Amino acid sequence: MVFSYKNLTLHIALCLTVALILKLLKIPVFFLHGLFTYIHPDTVDNSQKGIRAAIRRPDSDSSSSELKRRGKPKDKYEFEENKAQIFRLKLDEGHLETRIYFKEYSDAFKISFVGVFCLLLHIVLSVSEESGVLGNEVLIPVLLGVAGVGKLFVILGKASFEKSASKRSEKQLSVAVGLLGFLLGFVICCELVPSVFDVKFGSIDGFGRISVALLMGCFSGFLFIPAIKSARAFWIGTDQLRWNLSIISCGWIARTILYVNYLFIMFTALLWIKPMTAVLVNVNNSDANAAHLVSRIRNADKLVGNLGISQSEFEKLRVWCLLISGILQVIALRPNLQMYLHEAVLSWYQRLHASKVPDLDFSRAKVFLHNHYLCLVVFQFFAPPALVLLFLGLSRIESNLFENFQSINSLFKEVAMLLAWWVVFVWAIFTSASLLLYRRCILYVS
């Protein structure tokens, strides 16, 4: 009993310590340190010292300073450089605190990290099964994990329908995608296509399956807009159209992170698809069965699925891939956010060079909106990996949370693992579909 309460004390001490460190060191703000945002003022007084534009339109000769319309020589248009300059600002605490959704991002960041560290401590510590729920401290990591998931879920739903944060068509598509996600989730939960999805539920009833499918549909709708923003950030960061603009250039380290993150998410999403499991899992239980299978199958292509990985090792592979994908998404958050801010600069650059007398009202509005909803986008990029890590941690709870209902314990872990994969799966689908549309020139960054 003393040993069990020692674990409980360690959990409480860890929660308080991590929360105190996050608050005192202002880790949510420090996490964004060194990134740049942009402002596009209407006019700039160049007589003030210390003001310098990040980019300026190239100087033109005197002959082109006065632009004339054909057939109307008396109408003259003069390019005003002061109205076209854009300025780069380094993000600091004062700037971030004035942005909308900063408090939501900060609170979600803190509760997510506290929950993840508490779940990690529970996994590392040995637990006494005879000491009950309070004694084996399982209640604290479960409550923190569920609270973190609930917080992220509510803020994601609120951000998805934030006015002016995204296009109306994107909001409508997110609702449609949510309905499709519910239907696909119901198909998966009911195991209607066992030859496609490697998902198995125990004794869950029909109401439970519908509830899980509803959660899957909600996550699909809520993650649609963040995923297409991430796809645009990847498209710009990897310079798919070879713009070679120094102002939006992405270093080779950040570009490598973007590529590795995308590829690993795709690989992890495929681990619950039956064709992939057929390739990686060894279905042979003994040498005799293996010899019998070899004697029966003469086609060498059909032996590709026997790579020697047992089912237990494959389950561990899934867990490690979910963990690594969540960590990689957190690491890729900074490059994704910087490329999202560069998107506004690219819009400014396109309109600046679209004509001799550019109309910069659209780019000015876009720069303002990107700057205004900065913390909202940070949260949307942070929520998916946080959800993956929290769900994964909840799925690794080995203690009996419900002592008299063993089936509920196993079901709780199965649902948590399913939702962790589902977040990765829908993120991979939305990102890949958006990149395909960009590649086919159906969508474009403007």
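**Stop one: a lysine**

Select Lys366 and show what surrounds it: leaving out residues up to four places away in sequence, Lys366 touches Glu343, Ala344, Ser347 and Ser446. Contact here means heavy atoms within 4.5 Å. Lys366 lies in helix H14, residues 361-372. Helices (H or I, at least four residues) and strands (E, at least two) are DSSP runs, numbered from the N terminus. Is Lys366 buried or exposed? With a relative accessible area of 14%, Lys366 is buried. Buried means under 20% relative accessible area, exposed means over 50%, and partly exposed is in between, using a 1.4 Å probe and protein chains only.

Before you click on, a word about the model. It is a predicted one, where local features need pLDDT of at least 70 and side-chain atom pairs count only at pLDDT 80 or more, while totals for chains, interfaces and linings use all residues. Residues are numbered from 1 along each chain as its sequence is written, and side-chain values use heavy atoms, with hydrogens and water left out.

**Stop two: zoom out**

Switch to cartoon view. The protein chain has 16 helices and four strands. Of its 446 residues, 46% are buried. Among contacts with a separation of 6 or more, 83% are between residues 24 or more positions apart.

**Stop three: the cores**

Hide the surface and select Leu32, Leu418 and Trp421. In the largest nonpolar core, which has 91 residues, these three touch the most other members. Such a core is a set of buried Ala, Val, Leu, Ile, Met, Phe, Trp, Tyr and Cys residues joined through side-chain atoms within 4.5 Å. Which helix gives the most to this core? Colour helix H15 (residues 374-395), which gives 16 residues.

Stay with Trp421 for a moment. Setting aside neighbours within four places in sequence, its contacts are Ile188, Phe197, Thr268, Ala269, Trp272, Ile273 and Leu322. Apart from this core lies another, of 24 residues, including Tyr38, Ile248, Ala254 and Val445.

**Stop four: rings**

A search of the whole structure finds 20 aromatic pairs. Rings of Phe, Tyr and Trp (its six-membered ring) pair if their centres lie within 6.5 Å; planes under 30 degrees apart count as stacked, over 60 as edge-to-face and the rest as tilted.

Select Phe197 and Phe425. Their ring centres are 6.3 Å apart and their planes stand at 85 degrees, so this pair is edge-to-face. Phe197 sits in the loop between helix H7 (168-189) and helix H8 (206-237), and Phe425 in helix H16 (residues 406-439), so the pair ties together parts that are 228 residues apart in sequence. Both residues are buried.

Next, select Phe31, Tyr105, Phe109, Phe113, Phe117 and Phe382, which form one aromatic cluster.

The C-alpha atoms of Arg334 and Phe31 are separated by 8.2 Å, although the residues are 303 apart along the chain. Leaving aside neighbours within four places in sequence, Arg334 is in contact with Phe31, Leu32, His33, Gly34 and Leu35. You'll find Arg334 in helix H13 (residues 333-352), and with a relative accessible area of 27%, Arg334 is partly exposed.

**Stop six: charges over rings**

Select Arg88 and Phe36: the charged end of Arg88 sits over the ring of Phe36, 4.9 Å from its centre. For this label, NZ of Lys or CZ of Arg must be within 6 Å of the ring centre and within 35 degrees of the ring normal. Then select Lys158, whose charged end sits over the ring of Tyr101, 5.4 Å from its centre.

Most residues other than glycine have a negative phi. Tyr101 lies in the loop between helix H3 (93-97) and helix H4 (102-124), and is buried, with a relative accessible area of 5%.

**Last stop: cysteines**

How many disulfides does the structure hold? The count is zero, where a disulfide would be a pair of cysteine sulfur atoms within 2.5 Å. Select Cys118 and Cys15: the sulfur of Cys118 has its closest cysteine sulfur in Cys15, 3.7 Å away, which is too far for a bond. Cys118 counts as buried, at 0% relative accessibility. Finish at Cys441, in the segment after H16. Cys441 is exposed, with a relative accessible area of 63%, and has a positive phi, near 65 degrees.
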